[in-house]
Amino acid sequence: MSDLSQTIIKLSNIQKSYFTSSESLQVLKGVNLEIQRNDIISIMGPSGSGKSTLLNVIGLLDQFDSGTYEISGLDVSQLTKQQMQEIRLAKIGFIFQTFNLIQTLNVRQNIELPMALLHKDQEEQKKKSTDLLKQVQLESKADKFPHHLSIGEQQRVAIARALVNDPTLILCDEPTGNLDAQTTEIILNYLLKLRKEYNATILIVTHNPEVEKICDHKFVLKNGKLKEKAP
């Protein structure tokens with residue numbers, strides 16, 4: 001039995017469907033998942049299997065239809081939208097395949113954005129972004145805009161942004177999907193570093209078998225069902 005004090009995420013029988021005027025599509029069919037503190041978890045599956053939907057549910061970006069979801073012991077169904085937004089900003093970091101950097105903000109401003117949304121002190125924002133720029137070796141790029149950066153550099157900015165509020169959980173949606181093999185290795189090494197230095201818990205949705213090599217537990221989502229791969 002797992003130590004509940006170490007359980008960051010607990011999903012029980014999560015169901016999720018999408019509805020159109022003519023039909024309904026059940027995407028998640030009773031998903032169960034526990035993620036422990038400091039774990040690195042991967043979820044693989046074919047396109048359209050519901051991986052991004054599951055990630056959005058866990059990231060409090062999308063609602064589920066039934067089942068129970070607890071994050072750090074809090075029952076999500078009992079939270080207000082405001083509380084979910086605060087948890088999303090303070091406890092969850094997001095790393096996306098397409099980086100989702102804001103093109104009109106420079107590198108430093110992109111990194112500081114989650115802190116700004118929580119109305120943190122500007123000096124605190126600057127200190128944290130400076131520290132993170134050093135961590136991802138982009139100090140010289142602080143005033144550059146995203147389109148001036150390589151793809152690998154943009155992903156490192158996204159990693160720094162994900163860390164800026166010291167999140168409990170980092171959610172990665174195909175973080176190596178647009179990267180070549182060499183840059184993929186660099187990013188995977190960064191994720192391992194996050195676990196070691198920040199005590200980060202990391203969930204990665206991916207198509208890339210190389211990603212699984214750094215993971216403690218590996219899952220497959222197929223036809224709306226989640227199953228753990230054998231060790």
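The points below take up the annotated domain, a sheet with its helix, and a pair of helices.

1. Please keep in mind throughout that this is a predicted model. The UniProt record, an unreviewed entry, carries the annotation "domain: ABC transporter" for residues 9-231.

2. Four strands, in the order 2-1-4-5, make up an open sheet whose pairing is antiparallel. Strand 2 (24-36) and strand 5 (74-75) stand at the edges, and each has a single partner strand, so one side of each is left without a neighbour in the sheet.

3. Within this sheet, strand 1 (residues 7-19) pairs with strand 4 (residues 66-71) in the antiparallel sense over five bridges, and lysine 10 stands opposite glutamate 70 in strand 4. Helix 1 (residues 51-58) packs on the sheet, where it touches strand 1, strand 2 and strand 4, and the direction of helix 1 makes about 55° with that of strand 2.

4. How do the axes of helix 3 and helix 5 cross? The axes of helix 3 (residues 107-117) and helix 5 (residues 151-163) come within 7 Å and cross at roughly 30°; because angles under 35 degrees count as roughly parallel, the two helices are described as roughly parallel to each other. Their crossing is right-handed.

5. In the contact between these helices, Val107, Asn110, Ile111 and Pro114 of helix 3 meet Val157, Ala160 and Arg161 of helix 5. The residues of this contact divide into five nonpolar, one polar and one charged.

Technical notes:
Residues numbered from 1 in each chain as written. Predicted model: local features only at pLDDT ≥ 70, side-chain atom pairs only at ≥ 80, totals over all residues. Heavy atoms only, no water. Axes fitted to C-alpha atoms, helices over the stretch in contact; angles between N-to-C directions. Parallel < 35°, antiparallel > 145°, perpendicular 65-115°, else oblique. Left-handed = near helix turned anticlockwise from the far one by under 90°. Contact = heavy atoms within 4.5 Å. Nonpolar A, V, L, I, M, F, W, Y, C, P; charged D, E, K, R; others polar. UniProt positions renumbered as here; feature names shortened; annotations may be inferred. Pairing = 2+ DSSP bridges.
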